[in-house]
Amino acid sequence: MTRPDDTSLPARPTLTPPLSRVTLSGPDLGTVDLEFEGQPTGNGAAAGDLETTPTDMPPAAQAAPDDLPDFDPRLYEAALPRPEPLSAESFLPVLPPAQFAALLDDLRGELSLIPDEATRAALHSRARLLALNVEQYRVNHEQARSTLTRVLAETGVGVRSSWERQQAHLNFMNAASGAVEHDYEAATAAIEQARAGRFEALVATGARPDTTGAEDLYTQQAVMTLAREGHAIRPPEQKSGSKRVFNAFAVFSKFFVGVISGVSINLLFNPESRLYLTLIALTAGVMFSVLLLWLVDELAYRAKLAPGTPGMAHPRTYTAGILAVTALYLCVEGFLNWDGILRVTAEIAANAAQQGQLTDLSAAPTPDAAPQHWSLLTFTLALVGMAAAAALIQGRERARNVLERERLAARVADLKAQGTLESAARAVDHVTYLERARDRLAPPRDVTSPDHARLNERVLSHWEQERDTQVQSVSARLLAEAQQVQATLEDFAAQVQDARFPRPRRGLRALLG
């Protein structure tokens, strides 16, 4: 700090003024010309003249170092092209009024050179009228320019606002999409990490590596636990070809036995063979067979479930019901078939007697010979018994599947209550949770985005169409007026030239003149 009584001046450092312009010159652009603020513009300063003494600098540049502006590299960057706003002059394809006025003044100056007084006076009057026309054109030109300026300003506001809205919307969508993409990548990384943790947890618990859910994990652990205890879960039998054939014949036997019962009922109650009674008999036989066999199936199912299901009767009750239903089924079918066989035999014998084909009807059969219809009755009862047995097997198989599922579900519930697999189950389900969260990632898109874009386009098109319409209207009117004024001035210039330099008269006209 300088003391108040110290009159000595501090040493002034060498100052460099701010750089104003850098140009390249020479045939190979190898010469660098530097221009500084405060220096006159010449052919350029040499590259070595970067330092100047304080006495060579203007007073404005001899300021203190603290007063100099900081170096800003943005000042020396190449200027980007910026579109200029629309001007009214660019939409006026006509000459300015000053040129018409200058032409008229030149023509009026030539009027004094016309020798004929009458012609000169007439042309003076015509020049005054043309001056009024040019003045009117100037007024119309200014009015048209003002109108175009107003139109361009009004429509420019609409166009710029439409572009700004569209740009804002695009910026919003780009920012949202970028944020969503970042979140998606982060979620994917988290999912991969969770998958690695799931693999470690599955390997530690001995489950399959392709396990994708906690329920599947608990089921596998329950199956393994039951297998270690010696009560393995028997998987459902695979439906092989023979199994499918057996099931098909078991179902078909119900209807086939029912058809046989219907035929017997038809023979018993419809001796005249009426069609509607035949249909009723066949339907009744099928219904009777199907319902009884379904009852056998259901009773076998309940008898299998009764020991471990509270609220059900003793298994012996269901077994007795199965025996009773089977006996009833066999008795009814046996009676119907026996009666039907007897009726058919009698009808055959009657028909044979009428045709004279019986040899000796009175001959008594041998006592040891069994009737021929016993074989058919035995076959029918055996078929009914096999159908009942098939229904019994199907019912017990259905009950066994239910018991296996209940036993597995009970062991799964025990594992969940113990909580030993809680961390592994959480690691398995965590991957699914993260994948669903990633699937829900979507940009906060504007639900009216397509409508917004279309509306913006319509608004922009409206303003551009409005601008073009008004500009074309104003320009067309002004262009027509400018052409009319120009044609009038050309005609006046031709008249002035004819008056100054009249054509010489030759021949008869010269003699008469």
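Q: If contact means heavy atoms within 4.5 Å, which residues is Gln 220 in contact with, leaving aside its neighbours within four places in sequence?
A: Residues are numbered from 1 along each chain as its sequence is written, and side-chain values use heavy atoms, with hydrogens and water left out. Gln 220 lies in helix α3, helices (H or I, at least four residues) and strands (E, at least two) being DSSP runs numbered from the N terminus. Beyond four places in sequence, the contacts of Gln 220 are with Ala 207, Arg 208 and Thr 211.

Q: At what distance does the side chain of Gln 220 reach the backbone nitrogen of Arg 208?
A: The C-alpha atoms of Gln 220 and Arg 208, twelve residues apart along the chain, are separated by 8.3 Å. The side chain of Gln 220 makes a polar contact with the side chain of Thr 211 at 2.8 Å; such a contact is a pair of N or O atoms within 3.5 Å, where within protein one must be able to donate a hydrogen and the other to accept it, and residues adjacent in sequence count only if both atoms are side-chain atoms. To the backbone nitrogen of Arg 208, the side chain of Gln 220 reaches at 3.0 Å.

Q: Is Gln 221 buried or exposed?
A: Gln 221 is also placed in helix α3, and beyond four places in sequence it is in contact with Thr 205, Gly 206, Ala 207, Leu 415 and Leu 421. Buried means under 20% relative accessible area, exposed over 50%, and partly exposed in between (1.4 Å probe, protein chains only). With a relative accessible area of 9%, Gln 221 is buried.

Q: How are α1 and α2 oriented to each other?
A: The axes of helix α1 (residues 97–109) and helix α2 (residues 117–205) come within 9 Å and cross at roughly 170 degrees. The contact involves residues including Phe 100 and Leu 104 of α1 and Val 134 and Tyr 137 of α2. By that crossing angle, α1 and α2 are therefore roughly antiparallel.

Q: Which residues is Leu 441 in contact with, leaving aside its neighbours within four places in sequence?
A: Leu 441 lies in the loop between α8 and α9 (449–500) and is partly exposed, with a relative accessible area of 31%. Its C-alpha atom is separated by 9.0 Å from that of Glu 181, 260 residues apart along the chain. Beyond four places in sequence, Leu 441 is in contact with Asp 183, Tyr 184 and Ala 187.

Q: How many contacts beyond four places in sequence does the model have for residues 358–371?
A: The protein chain averages a pLDDT of 76, and 73% of the residues score at least 70. Where pLDDT is low, the predicted coordinates should not be read in detail. Over residues 358–371 pLDDT stays under 50, and the contacts beyond four places in sequence number four.

Methods. This is a predicted model: local features need pLDDT of at least 70, side-chain atom pairs count only at pLDDT 80 or more; totals for chains, interfaces and linings use all residues. Axes are lines fitted to C-alpha atoms, for helices over the stretch in contact, and angles run from 0 to 180 degrees between N-to-C directions. Angles under 35 degrees count as roughly parallel, over 145 as roughly antiparallel, 65 to 115 as roughly perpendicular and the rest as oblique. Contact means heavy atoms within 4.5 Å. pLDDT is the predictor's confidence in each residue, from 0 to 100.
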